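Trainee: Please take me through one part of this model in detail. I would like a close look at a single helix and its surroundings.

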Amino acid sequence: KVYRMNIPYTPEEVTQACKDAVAQNNLEAAYLRPLAFLGDVGMGLRPPADAKADLMVAAFSWEAYLGADAVENGVEVGVSSWNRLAPNTMPTAAKAGGNYLSSQLISMEARRHGYGEGIALDTNGYVSEGAGENIFIIRNGVVTTTPKTAAILPGITRDTVMTMLRELGYE
């Protein structure tokens, strides 16, 4: 909605497209990446008001994001020299393709410096998130995580983790 894309499919049709992509690729488990984009809208930066978005779904196997032994052994991380964009420069709360460019820079820098992952700060110098994940700290049964105001993606994963932690009795 924030990008004003008119997606001509119902949520049920998108869900079915996701299921079809998993089945057509013979996957038992998959990472799904539905992508909506404005395709044939001509040149320029102002698409026609009645433009309808195209939609595709990628489905592929994906192993543990930071490596098979990351949960058991942890991951060395470094604070990146790249900051997350300020929320008033790009809609950082949108899961949009252009927002991944920042994550790629953070991740590539981390690997160049010998780290498994990079941590981004917001434009005020506070912890924002990792290149590809939210950050949670549990101390004395209390969970602390970055507020939505710190240029993070307040997505499904973050909400799921917060719900699970509350159900496990964490504050």
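Mentor: Start with the packing: the buried residues of H3 sit against strand E3 (77-83) and strand E4 (117-121). This is a predicted model. The buried residues in question are Ser102, Ser103, Ile106, Ser107, Glu109 and Ala110. They cover an arc of only 165° around the axis, so they lie on the same side of H3. An α-helix has 3.6 residues a turn, so residues three or four places apart point the same way.

Now the other face. Turned away from the buried side of H3 are the exposed residues Leu101, Arg111 and Arg112.

Next, the length. Helix H3 runs over residues 100-112, which makes 13 residues. At 1.5 Å a residue, H3 should span 18 Å. Its end C-alpha atoms are 18 Å apart, so the span agrees with that expectation. Just after H3 comes Gly114, with a positive phi of about 90°.

Two other places deserve a look. Met56 belongs to strand E2 (residues 54-60). Its relative accessibility is 36%, so Met56 counts as partly exposed. Together with Leu35 and Phe37, Met56 forms a nonpolar patch on the surface. The accessible area of these three residues together is about 240 Å².

Then Glu28, in the loop between helix H1 (11-24) and strand E1 (31-37). Glu28 has a relative accessible area of 85%, so it is exposed. Ser61 is 33 residues from Glu28 along the chain, yet their C-alpha atoms are separated by 8.7 Å.

Note on methods: Residues numbered from 1 in each chain as written. Predicted model: local features only at pLDDT ≥ 70, side-chain atom pairs only at ≥ 80, totals over all residues. Heavy atoms only, no water. Helix = DSSP H or I, 4+ residues; strand = E, 2+ residues; numbered from the N terminus. Buried < 20%, exposed > 50% of the residue type's maximum accessible area, 1.4 Å probe, protein only. Patch = residues over 30% accessible without salt bridge, like charges linked within 9 Å, V, L, I, M, F, W, Y side chains within 5 Å. Areas by Shrake-Rupley, 256 points an atom, 1.4 Å probe, with all protein chains shown as cover. Salt bridge = Lys/Arg side-chain N within 4 Å of Asp/Glu carboxyl O. Expected span 1.5 Å × (residues − 1). Arc of directions from axis to C-beta. Contact = heavy atoms within 4.5 Å.
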